Each structure stands twice: as C-alpha cells, then as structure tokens.
Amino acid sequence: MAGLLSVDELQIELITANGVVRAVDGVSFRIDAGETVTIIGESGSGKSTTAMGVLGLLPSDLAVLSGAATFQDCDILGKPKALQKVRGKHIALIPQDPMTALSPVHTVGAQLRDAIRHSGVRGRVNQNARAVELLEQVKITNPAGQLSKYPHQLSGGMLQRVLIAAALAAGPELIVADEPTSALDVTVQASILDLLLELQERTGVGILLITHDLGVARLMSDRIFVMKSGRFVESGDAEELLRHPRDAYTKRLLDAVPRLEPVQTGVPA
C-alpha cells in the first residue's frame with residue numbers, strides 16, 4: 001500500500017485492570033500528499049487510539065501494537081528511533097484541547113521557540129523571528145505582541161492557531177489533527193477549518209483528521225473511513241459516502257445529525 005503514510009492491518013491491544021482490550025482491530029489506510037483523510041465515528045470507537053498508536057504516543061507498557069505503518073517508505077510502527085526522526089519534523093500533531101496541550105506557566109513565545117528549536121533554528125533572535133512568521137501564517141493579529149503572553153490571556157480560537165503554528169514550525173509533510181476544533185464555538189471552528197484548508201492548498205501538506213463531527217468531515221475530507229468498535233465498517237470518497245452510505249452504522253450516524261425542519265404554519269383542518 002503506497003502513500004505518504006501507509007497503515008496496514010494495525011491492531012492495538014490495551015492492557016487494563018479488567019484484562020486485555022482490543023481497541024483497534026486490523027485497520028488499513030493510506031494518505032497521499034495534499035490529501036485529507038478523515039476517520040469518523042462515535043466517542044470510544046478507536047479513532048484517536050489509531051492515530052496515537054501510529055505516532056508512538058501510547059504508553060509502551062499498556063499498549064501492544066502489531067501490523068505495519070510506514071511514512072515515506074520508512075517503517076515507524078513501534079520504532080522509537082525512527083519516530084524520533086520524523087515526529088515533529090515531518091509529521092506534526094494538532095491535539096484536541098489547546099488549554100491542556102499548552103503549558104499554563106510558559107509564554108506562547110517560549111513554547112513556540114521549543115517547537116522551532118526542534119526544527120533546527122538556533123538563536124533566540126532567529127527563533128522569535130520564526131515564531132512571528134508562523135503566527136502571521138495562522139492569521140494572529142499583532143503576532144510579535146502575543147509572544148510574551150500566557151495561554152490564559154488568549155481566546156480558545158487564538159490558542160488553536162498557536163497549536164497550528166507550532167505544528168507548522170518544521171514544515172511537515174503530514175499533519176495529524178485530532179478533533180482540532182471540538183473545544184471551539186461554531187464561528188471560530190469555521191475559521192480554523194478554513195485556515196487548515198488554506199495552509200494545505202499552499203503547502204501541499206497531507207492531513208489525517210480525527211473527528212466525530214460529520215459537518216467537519218464533509219467540509220475537509222477527500223476520503224472518509226467510518227470506525228466502529230475498533231474496525232472500519234465503510235470507506236470511500238467523502239461526498240459519495242456521505243450522500244449514499246452503505247453500512248447501517250454510517251446511516252445511523254447520519255440520521256443522528258440534527259436537522260432544521262420547516263415550521264408548519266396554519267391551523268389543521
């Protein structure tokens with residue numbers, strides 16, 4: 001299976017107090033450059049576990065992985081040294097909640113400089129200049145003035161943009177976006193999604209999007225994989241899958257989306 005990222009028959013078993021749980025059961029997918037692949041499904045279906053397993057971010061003493069995952073033909077599944085070379089530089093993560101992803105006791109500038117230092121830029125002056133450039137890319141006003149602020153001084157939307165800026169620091173080929181707008185209101189959510197699409201068009205970055213929001217999936221995706229109980233039950237072209245779902249579970253997900261029905265007027269006869 002070729003592609004920027006290729007995952008083949010991934011299986012993840014989690015060791016719990018009540019025994020071994022198979023959280024991901026033999027999933028396969030690929031992502032090409034400039035493409036957005038989305039995994040949708042209800043909470044607990046295994047979406048985030050799949051992404052964290054591929055990135056090597058699950059506790060090694062609690063998670064047992066098998067199968068294969070390659071990034072640009074480099075074997076990365078369960079390979080710490082290989083992951084150290086690609087994670088952050090070639091594969092970046094945008095986590096779910098910016099308030100927990102960012103340190104409350106370090107400034108925005110300090111945290112961006114950490115990401116920039118990892119990309120190879122040396123010297124505080126150069127790192128600050130790169131931080132301002134990144135904040136400009138994600139359309140934060142007065143970027144230089146934001147570097148000295150702490151996360152609690154910024155809005156949720158601005159913090160999400162800071163996380164995107166940090167993800168872009170090394171010019172990655174792939175971004176893993178794990179529910180990147182779930183903590184935001186709908187108007188801010190739309191601006192963040194537009195920003196990701198714009199960045200993708202400009203840079204050609206591939207995106208693995210994890211979401212339970214079918215509206216987000218429709219807007220962002222080229223292809224969609226529907227996950228239930230650790231398995232993919234359906235996959236295909238985004239528009240086709242959402243218009244003509246084949247699996248009963250996908251149909252139930254679509255039926256659960258609230259709809260605004262026309263108001264009936266007049267008095268019944």
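Ser229 sits in the loop that joins strand E9, residues 223-228, to strand E10, residues 231-237. Please bear in mind that this is a predicted model. The phi angle of Ser229 is near 50 degrees, a positive value in a residue other than glycine. As a reminder, most residues other than glycine have a negative phi. Is Ser229 buried or exposed? Its relative accessibility is 57%, and Ser229 therefore counts as exposed, the cut-off being over 50%.

I turn now to Asp73. This residue lies in the loop between strand E4, residues 63-71, and strand E5, residues 74-75. Asp73 is not a glycine, yet its phi is positive, at about 70 degrees. With 75% relative accessibility, Asp73 counts as exposed.

My last topic is a pair of helices. Helix H7 covers residues 156-168 and helix H8 covers residues 186-203. Their axes come within 10 Å and cross at roughly 20 degrees. The crossing of H7 and H8 is right-handed.

Which residues make the contact? On the H7 side they are Gly157, Gln160, Arg161, Ile164 and Leu168. H8 contributes Val188, Ser191, Ile192, Leu195, Leu196 and Leu199. Sorted by class, the contact of H7 with H8 comprises seven nonpolar residues, three polar residues and one charged residue.

Technical notes. Residues are numbered from 1 along each chain as its sequence is written. This is a predicted model: local features need pLDDT of at least 70, side-chain atom pairs count only at pLDDT 80 or more; totals for chains, interfaces and linings use all residues. Side-chain values use heavy atoms; hydrogens and water are left out. Axes are lines fitted to C-alpha atoms, for helices over the stretch in contact, and angles run from 0 to 180 degrees between N-to-C directions. Helices (H or I, at least four residues) and strands (E, at least two) are DSSP runs, numbered from the N terminus. A crossing is left-handed if the near helix is turned anticlockwise from the far one by less than a right angle, and right-handed if clockwise. Contact means heavy atoms within 4.5 Å. Ala, Val, Leu, Ile, Met, Phe, Trp, Tyr, Cys and Pro count as nonpolar, Asp, Glu, Lys and Arg as charged, and the others, Gly among them, as polar. Buried means under 20% relative accessible area, exposed over 50%, partly exposed in between (1.4 Å probe, protein chains only).
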